Amino acid sequence: MTGSPAPSDAFQAPGIHLSGETLMGLRHLARRGVSPSSRTLAGLPGGIVTKKRGRGSEPDDVRLWSEGDDMRFIDRNATARTGELHVRTHHDERDRAVVLLADFRPSMLFGTRRALRSVAAAEALALLGWRVVGDGGRVGLIVAGAGEPVVIRPGGGERAMIAVTGAMAQAHAVALGTSAKDDPPLGAMLTLARSLLPSGGHLVMATALDAPGADFDSLLTILAERLSIRLLLVSDAFERIRMPGYYPFATPDGQRGTIQATRRENQFRAADDRLADMHRRGIEGLRIDVESGPEAYAPLMERLDAML
């Protein structure tokens, strides 16, 4: 479905409107079932898991001092500026850097059950982002839409996820308000991701892979030699099981009509075939069913997190 520049009450309907507050609230669902002790373990090569020692060497964040903090790490500048004790936190320079690529192009603004595909993509990415920063990693964002992409460089902690969730919500509102109907190619987003991530970094794409562009496959193959790439293939129930018949539709700009749909042979295998094709190219992925919702996405993001 596509929208017009004029705001519409339909944009605020559940499953169409993307709320930054809702994405922030997913942090509790993302951390469910994760042992607190596992967050302090280092993902080092080899068969022995050990705890990290020390505070790391890379500056991460400045926050208010709390009971138990080491006084050696007090940030003098922030303390002098605010009049309250602040400490500077650090992370290990070998931490995970993950860029989330959210596809909000016009073809993603479609859905027949529960939510738009774009909303489901944002929910899954937010769940994964909360897991990554909860384990000390850094998260960045690229939003692909009909206009200029939204870009946030990888950062750590809650501050990074506030920026990521807020940017996704704002970009989604802009996408709903655009009159564009054609999808720009995704190739440029891959080039952006390469500029944001160090060698060995992680790119996670949430998209239905509609109209990715003529050069997408070749660029993806080249990028996979430098980065770890994972795919969240967003799938609407109507795509997988399409019963023949006439279906009414409506768009936010007031257009209404009816479209005839016919059953396609083996249509339910299309999404899985795309995942299998990616697997043959060394890119692992998972299918995200729009109608399932965040409760079902959480264990899937736990599996994907283990791949990063």
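Biologist: Leaving aside its neighbours within four places in sequence, which residues is Trp-65 in contact with?

Modeller: Contact here means heavy atoms within 4.5 Å. Once the neighbours within four places in sequence are left aside, the contacts of Trp-65 are Met-71, Leu-85, His-86 and Val-87.

Biologist: What kind of model is this?

Modeller: Residues are numbered from 1 along each chain as its sequence is written, and side-chain values use heavy atoms, with hydrogens and water left out. Local features need pLDDT of at least 70 and side-chain atom pairs count only at pLDDT 80 or more, while totals for chains, interfaces and linings use all residues; this is a predicted model.

Biologist: Does Trp-65 count as buried, exposed or partly exposed?

Modeller: Trp-65 sits in the loop between β1 (58–64) and α2 (76–82), where helices (H or I, at least four residues) and strands (E, at least two) are DSSP runs numbered from the N terminus. Buried means under 20% relative accessible area and exposed over 50%, with partly exposed in between (1.4 Å probe, protein chains only). Because its relative accessibility is 28%, Trp-65 counts as partly exposed.

Biologist: How is α1 placed against α3: roughly parallel, roughly perpendicular or oblique?

Modeller: Helix α1 (residues 20–31) packs against helix α3 (residues 117–134) at an angle of about 60 degrees, with axes 8 Å apart; axes are lines fitted to C-alpha atoms, for helices over the stretch in contact, and angles run from 0 to 180 degrees between N-to-C directions. Angles under 35 degrees count as roughly parallel, over 145 as roughly antiparallel, 65 to 115 as roughly perpendicular and the rest as oblique. Therefore α1 is, relative to α3, oblique.

Biologist: Which helices are included in what covers the buried residues of α1?

Modeller: Among the buried residues of α1 are Leu-23, Met-24 and Leu-26. On the α1 side, the contact with α3 includes Leu-23, Met-24 and Leu-26, and on the α3 side it includes Ala-126 and Trp-130. The cover over the buried residues of α1 includes α3, α4 and α9 (294–307).

Biologist: Which strands are the edge strands of the sheet?

Modeller: The open sheet has 6 strands in the order β5-β4-β3-β6-β7-β10, with mixed pairing; two strands pair if DSSP finds at least two bridges between them. Each edge strand pairs on one side only, and these are β5 (150–156) and β10 (284–289).

Biologist: What angle does the direction of α4 make with that of β5?

Modeller: Strand β4 (residues 138–144) runs antiparallel to β5 and is joined to it by 5 bridges. Helix α4 (residues 157–177) packs on this sheet, touching β3 (97–103), β4 and β5, and its direction makes with that of β5 an angle of about 165 degrees.
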